[in-house]
Every structure is written in C-alpha cells, then in structure tokens.
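Hello,

Could you take a look at the structure below when you have a moment?

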Amino acid sequence: MMKKAILASAVSAILLAGCGGGGGGDGFSVGADKSEDSPICATGLECQQLEVPASYINDDGSKVKVFYAIHKATDTNNRIGTLFVNFGGPGQEAQASLAWMVNAGLFDQAIVERFDIVALDPRGSGQSAYAKELKQCAVELANNVNTCDEFNTKSAVNISTNTLVKDIDALRAHLGEEQISFLGYSYGTRVGSVYADFFPERVRALILDSPMSPTTLNYIDIAQDNAAGYDVVAEYRLGTVARKQALISGVSILDANGVFQGLDGDLSVNTALDALYSLRSLEVYGYWQHQKPGVFELLDNGNVALLKRLVDSTSWNQANDPVDAQRSNAMFTAVVCADGSSALSTNDVANAYANYIQASGIFGVVNYANAGMCADWPGQLDPVQPVEYMDAKLQQPVLILGGQYDPRTPYIWTEAMSESFASLTRLIRVENIVEHGFSYRGNRCIDNASTAYLLDPSSASNELVCDGSTLARSAGNTALKPHPVMLNQHF
C-alpha cells in the first residue's frame, strides 16, 4: 500500500482536482453570484421558485424553496410537452446551463420549438435551498474548520437523489403536466432512472446519456468501477501491451519507493499523478494530447525529462468560481453518502483494497485513497434502491447513450443500465473518443437519433454505433466545443 503521504497526494491531485476542471477559457461560465433570496433568471428563460416539503421522509409541514427555469416552446401550436434536463454532478446547477445550451444553439431546433425545456436547480446547488449552507461549510472546511459534518448530520438526507426525484415530480404536478420527457447526463441518469422507477406512468420519454450504474450504490463500489473504467481508457490510449505493463510496473515502484528512477533523472509522485490524471482525462481538456509524447518516451525508452517538462507546461483548467467548486465537492459527498444502500465502516474500506488493485494495476491504488469518503457517515441514509426489471414497469422505449471509452461513467455501467431496461433499451454506443456526455454536442449521428427519439419515442432503432471523433470542434480549432457537461465535476 502507498505511504500515507502519497495517498494524501493522490486524493488532492487526482480525485479532487481531477474531478473538477470546469473552466477558465472554456467559453462557458455560470456567471453572476446567486442567491435563493434574490433569484437571477437568465435571458430567454422564465424562472420561479417552488415550495416543497423540507423532508419527504419526516414531513412535518415545513417547506423549502427550489428554483427552476423554463425555456418555452417557440411553436406553441405543435408543442409536445415538457423536457426536463439534468446536467449531472451531484453538485451542478441547471438553470444557467440550460440558458447557455439554448443560446449557444446546441439543442436541435425542433426541440426548442416543440418542448418547454425545464431546468430545476437541485437542492444544494444554484439558487435552490441548502446551496448557501453548503457553500459556507465548504469554505470553512477549506480553512480547516469542519462544519460540513454538522450539515451532513442534520440536512444531507434532505438533498438526496430520492428527494430530488420527488422535487421533480412536484414540479411536474405544479406545471400541470401528466407526463414529462427527461434528458439526464451522467449523474442525471441516476436521477432519470430513479424517477422512472418511482413514477413510471409519468414518463413519456427518457434519455440516459453516459449512465451511472443502476445497481452499484455504495461509494466504495462506485470508485472501484471507476478505476476499472480508467484502466480501459489507459489501454486504449497507450496502444500496446508493453506500454501498459511498463506503466503498471512504474506505479508499483512509486507505490513502494515514492519515486521512480528514470535513465535521465527522477520522477516524483506528484508529477506522476498529474500524468496519470492526464492519461484518463477527457479529450475536451487536451491534457493527454499535450503529455502523450512524454508518456511514450518514458514507457518506451525509460526517460523522464520530456514528461516532466510537458507536465510542468500543461495549461490546467481552473474553476470559474473556486468557492462554488468547493460547494460542489461538499454536495457530491453529501448526496453520494446519503444515497448509500447501507452504512460503511472503516473496516469495509480496508477490506476493499485488494478489489481496487484487481480492478486496475494502474489506478486502483490511487482511487483507493478516497475509498473511505463515506465511511462512518454521520448523517441519516436515504438509500437509492437498485433500478431493475424496468421493462415490467414502463411501456415506451428508453434511449441509452454510452461511450466505449468514457472515463467518468465506464461502459460497464451502460451495459448494466441497458440490462435494467431490457427489451425497452434503445442503445447508442459511441466509439473512438475518450469523452463523457454525448448528445447535443454537434455529432449528427447522435443528435439526429436523440431528437428523433424525443419527437417520437417509438422511432428509435434497437442499436446504433456512432463515431465520437466527429463531436463538433470550433472552426479552425481541434479543441472540442464547450458544453455544460464539462462543468460536471464528478459523474
């Protein structure tokens, strides 16, 4: 097992910084300061606050406010209904992201014309209840004052996934809709699938883009699956068995010694961790493309100097709002731990170590460093139940999109979600790109199929393969165009 200092470094360099990245220079910012008391509504949207029960588990009549925004259908004569959109997280707001997608023209025009597109800021984010409390505790935690335990003990259960799903249905009823269509990215696929499980009769159409596992519910198992997913990405990018084996050997040496001795110098743990993060990072950030020559020089020839220079010269994305990024991390912990299927102990974490190493000889030890996030959780649990046998509950097809080399939600989760919906599954497999979140990013194969499904769920073919390398780029630039899923800091 890595030395304690190396584990701590792994948590900060790989899991926290690596899961973030929203970014400076990406062309997308959530913008102005937000407050539940004085809500801000983006241009082109209609915004309101809705009072909902503070707790659905122990409803004593107390209420909190959640904030939502609607972009109204522009062709009212041919309006189909409402399309709810969730951009993932947990931790990400929705209102500003929706405004940006509409204003940037990312949605197909037929969607804008025929749907009221609805974005609900989940509790703990944006301009909904508990966002200010989470931001305060996150800032204090960054200054070594832990008030997040107090929040998690008293209130985390009130921002759980089950709670968000019930808020969505309360908003559906408030809007007077018998059914909704739903587009969920990443963690939003958990939200959408759980909604379908709770309220199958209220689902008109459901797109699950980059699915989370429908049955893996504790964080120990989630992070282990992530390590296995990173391993798939590494194998794809490294290209040869020899390079992968050389990297496994190098990680083992770093694990044991805290340093790797190359032919032309030493490679420190911190530099190695930055390179490992780049190896499994999304293409949109460009980290791997920049550092690839140095990684190959190390693995092929044993030289470290080029990799060190490339890591040092990497332009890392920075959060547009560092304080809000801290809030997002605090919300991620609160929701994921409150959602857990059972309480986890430090012994559970210790017993999982071998499984992490088996999942990936490259990333297992790094992911294990944060495996104890939910151990000895102080708050009440609101377990998310496995989403299974959905073909016995729903009537209409469900469109599932999964990336073959998605590092955040590995393709094994796409396969598991497809099994949960069985005969109802209409699958789009995205190949040839290391990315996450695929619909309405300028790939006509994906976007045309997604739009056709939303307009008529019965129209979707059983399986479609799309080349992800054709995701839209900016004119004259090899970089991918920005998309709100980029701000998804976790799943």
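Here is what turned up about the disulfides.

First, some background: this is a predicted model, where local features need pLDDT of at least 70, side-chain atom pairs count only at pLDDT 80 or more, and totals for chains, interfaces and linings use all residues. Residues are numbered from 1 along each chain as its sequence is written, and side-chain values use heavy atoms, with hydrogens and water left out.

Searching the whole structure gives four disulfides (a disulfide being a pair of cysteine sulfur atoms within 2.5 Å). With the bonded cysteines of the chain numbered in sequence order, they pair as 1-2, 3-4, 5-6, 7-8.

One of the four joins Cys41 and Cys47, with sulfur atoms 2.0 Å apart. The torsion about its S-S bond is about 70 degrees, so this link is right-handed. Cys41 is partly exposed at 35% relative accessibility, while Cys47 is buried at 16% (buried is under 20% relative accessible area, exposed over 50%, partly exposed in between, with a 1.4 Å probe and protein chains only).

Cys137 and Cys148 form another, their sulfur atoms 2.3 Å apart. This link is right-handed too, with 85 degrees about the S-S bond. Both Cys137 and Cys148 are buried.

Then there is Cys445 with Cys466, at 2.0 Å from S to S. Here the torsion is about -70 degrees, so the disulfide is left-handed. Cys445 is partly exposed, with a relative accessible area of 30%, whereas Cys466 is buried at 1%.

Happy to talk it over!

Best wishes
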